[in-house]
Each structure stands twice: as structure tokens, then as C-alpha cells.
Amino acid sequence: MLETKTEGARNLAFVLSEGNGKISRDVVTIASGAGKLEAGTVLGRITASENYIASPEAEVVGKEGAETAMAVLAYRVDATSEDIEAVVIARHAEVKEPMLVFDASVDNASKIAAKLEQLSAATIIAR
């Protein structure tokens, strides 16, 4: 019998367009304990450590600041047990809204709309 495998989001598949050169991308640190994150995950930055995690819907104690979406993960990573450097789309880009991955706490249309508005403030426009 054949084994069935599920393929995750392909790296950078969510990008419609980005600025010339490397203007749209940054290298950031994904915080240890963030787990396995797929390409297209909407990220926020923890103010105290400046590390990134999937952006939750509201402020989380110890992860203050991350509730504001400010980047999108370009390549899947596994930050289960250690900090990991990762490439993100941080500005001047258009992304495919249906391909974005949100934290589990962002679980309805109004919360998603709020995250998209936050990304828009970082000049990442969802289409």
C-alpha cells in the first residue's frame, strides 16, 4: 500500500510581488518554542527579546509586542527547541491572502482582518 504524505505550503509561494533586490526581506530570529512554522506564517516580534513568533490575536504575558503582525515567514522552519534564523518578508510586498498561516488564536474573519491591517501598516498588502 502506498503511503500518503501531505505537503505543506511551498516556500515563498504566498508572494505575489516584492521590491527589487532584497529590500523586502530581512533575516530575523524565530524564538525557541515557536514550534514548526510553515512558509506564509504571519509573525510578530517580542519586544523584550526581538525574536519572532506566530502573531497571536492578543497580548500574551512574556511575549508582549508579538500581537502586532509585522512580517511573513518566507521558508518553513523548526524552532521547537532552539532559536532559528529565518528569512521573512518584512516590507514592500504583495501576498496571497488565502496562503497566509495565522496563529491558532486568530480564528475568525474579524481577527484575520485585523492582522491584515497590521501587515498593511508594514507595507505588506494581502490580495
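Predicted model: local features only at pLDDT ≥ 70, side-chain atom pairs only at ≥ 80, totals over all residues.
## Strand pairing around β8

In strand β8, residue I89 is the bridge partner of R25. Helices and strands are DSSP runs numbered from the N terminus, with at least four residues (H or I) for a helix and at least two (E) for a strand. R25 belongs to strand β2, residues 25-30, which pairs with β8 in the antiparallel sense over 6 bridges. Two strands count as paired if DSSP finds at least two bridges between them. Strand β6, residues 69-73, also runs antiparallel to β8, and 2 bridges join them.

Residues are numbered from 1 along each chain as its sequence is written, and side-chain values use heavy atoms, with hydrogens and water left out.

## An open sheet of 3 strands

An open sheet is formed by 3 strands in the order β1-β9-β10, with mixed pairing. Its edge strands are β1 and β10 (124-126), each of which pairs on one side only. Neighbouring strands of the sheet are turned by 15° against each other on average, direction ignored; the axes behind this angle are lines fitted to C-alpha atoms (for helices, over the stretch in contact), and angles run from 0 to 180 degrees between N-to-C directions.

Strands β1 and β9 run antiparallel and are joined by 3 bridges. Within this pairing, S17 has E94 of β9 as its bridge partner.

## Nonpolar cores

A nonpolar core is a set of buried Ala, Val, Leu, Ile, Met, Phe, Trp, Tyr and Cys residues joined through side-chain atoms within 4.5 Å. The largest such core has 17 residues, of which F14, L100 and L119 touch the most other members. Two or more residues of this core come from each of β6, β9 and α1 (109-121). Apart from neighbours within four places in sequence, L119 is in contact with V42, A69, M70, A71, V72, L100 and I124, where contact means heavy atoms within 4.5 Å. A second, separate core of 14 residues includes V28, L43, A71 and A79.

## A buried serine

S55 is found in the loop between β5 and β6. This residue counts as buried because its relative accessibility is 1%; buried means under 20% relative accessible area, exposed over 50%, and partly exposed in between, with a 1.4 Å probe and protein chains only. A polar atom of the S55 side chain lies 2.7 Å from the backbone oxygen of A66. Leaving aside residues within four places in sequence, the contacts of S55 include V42, L43, G44, D103, V106 and K115.

E50 is exposed, with a relative accessible area of 53%. With a relative accessible area of 40%, H92 is partly exposed.

## The segment before β1

A9 is located in the segment before β1 (15-18) and is partly exposed, at 24% relative accessible area. A9 and Y75 are 66 residues apart in sequence, and their C-alpha atoms are 9.1 Å apart in space. Not counting residues up to four places away in sequence, A9 touches E38, A39 and R76.

Notes. Polar contact = N/O pair within 3.5 Å; in protein donor to acceptor, adjacent residues only side chain to side chain.
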